[in-house]
Amino acid sequence: MPANETATELLRATRIAPSILSADFARLGAQVDEVIAAGARVIHVDVMDGHFVPPITMGPIVVSALADRVHAAGAILDVHLMIERPERQVAEFAKAGADSITVHAEATPHLNYALAAIRDAGVSAAAAVNPGTPVGALAEVGALLDMALCMSVNPGWGGQPFIAASLDKLARLRGLLPSTAIEVDGGVDAKTAGPCAEHGAGVLVAGSAIFGAKDPAAAYAALAQAAGAV
Ligand SMILES: O=C(CO)[C@@H](O)[C@H](O)COP(=O)(O)O
Ligand SMILES: [Co+2]
């Protein structure tokens, strides 16, 4: 089965991807509806296992709970796995409704296998690098990547400041993978969104800058304008 072509196409444009990590979980569906109504088409889901990163967040049950409303709106679920040995969980997340799955280069000795498993499940495949990991860690798997994710904070928490060195790193990643979608995640706000886009990022994940704001729809619109997003 090929990767999810609709998702891969959506991820090619410059877009803001709201991360539900900072949403109000007591009314998660309504918060997702709010940003979709504001124009969001990529909803970012941060999965943490208490091992790869200290916190534990959510799993396939949350993906499954959101899938129908997100897909009905023509949007996709972009699932960021911050878990060890992610290849063991790919099938569950695909079944739950993930459209794009990102695994970390640092989380498995079997990155090639993990990415192939994602595509085999009919999902768009992405790999992430932590701030301390060189972009070259993705050099050997370029042909299996629908998207590459440059972490601009150390993974595990929302609300951290953007690591400035990520801008040059984004440019290096863009040079390494000229025709692959590039995502940036961490500390994206109205100040950092523009420079991220200028340095090669297409999909800009934003959690606290959207769901931490009084009006998430207005915050989404401000970020989209700052990034020149669709
Ligand atoms: O993957 C992660 C954190 O590990 C992110 O997706 C965060 O959710 C981004 O949050 P902000 O930095 O935008 O608040
Ligand atoms: Co994330």
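**A tour from the annotated site to the sheet**

Begin by selecting His44, Asp46, His80 and Asp185, which an unreviewed UniProt entry annotates as "binding site". Although these residues are spread over 142 residues of sequence, they cluster in space, with a largest C-alpha distance of 10.5 Å. Keep in mind throughout that the model on screen is predicted.

If its neighbours within four places in sequence are left aside, His44 is in contact with Ala17, Pro18, Ser19, Ile20, Asp78, His80 and Val205.

From there move to His80, found in strand S3, which has 26 C-beta neighbours inside 10 Å and therefore also counts as buried. Its contacts, again leaving aside neighbours within four places in sequence, include His44, Asp46 and Asp185 from the annotated set, together with Thr102. Thr102 is the bridge partner of His80 in S4, and strands S3 (residues 76-82) and S4 (residues 100-104) pair in the parallel sense over 3 bridges.

Now show the whole sheet, in which 8 strands with parallel pairing form an open arrangement in the order S1-S8-S7-S6-S5-S4-S3-S2. Strands S1 (15-18) and S2 (42-48) stand at its edges, each with a single partner strand, so one side of each is left without a neighbour in the sheet. From one strand to the next, the twist averages 25 degrees.

Finally, select ligand 1, which is surrounded by 23 residues, the closest being Ser19, Leu21, Gly158, Gly207 and Ser208. The elements giving two or more residues to this shell are S2, S3, strand S8 (203-206) and helix H8 (208-211). By class, the shell has 9 nonpolar, 12 polar and 2 charged residues.

Key
Residues are numbered from 1 along each chain as its sequence is written. Chains are lettered from A and ligands numbered from 1 in the order in which they are written. This is a predicted model: local features need pLDDT of at least 70, side-chain atom pairs count only at pLDDT 80 or more; totals for chains, interfaces and linings use all residues. Two strands pair if DSSP finds at least two bridges between them. Helices (H or I, at least four residues) and strands (E, at least two) are DSSP runs, numbered from the N terminus. Axes are lines fitted to C-alpha atoms, for helices over the stretch in contact, and angles run from 0 to 180 degrees between N-to-C directions. A residue is near a molecule or strand if its C-beta atom, placed from the backbone, lies within 6 Å of it. Ala, Val, Leu, Ile, Met, Phe, Trp, Tyr, Cys and Pro count as nonpolar, Asp, Glu, Lys and Arg as charged, and the others, Gly among them, as polar. UniProt positions are given in the numbering used here, feature names are shortened, and annotations may be inferred rather than shown by experiment. Two residues are in contact if their C-beta atoms, placed from the backbone, lie within 7 Å. A residue is buried if 20 or more other C-beta atoms lie within 10 Å of its own, exposed if 12 or fewer, and partly exposed in between; C-beta atoms are placed from the backbone.
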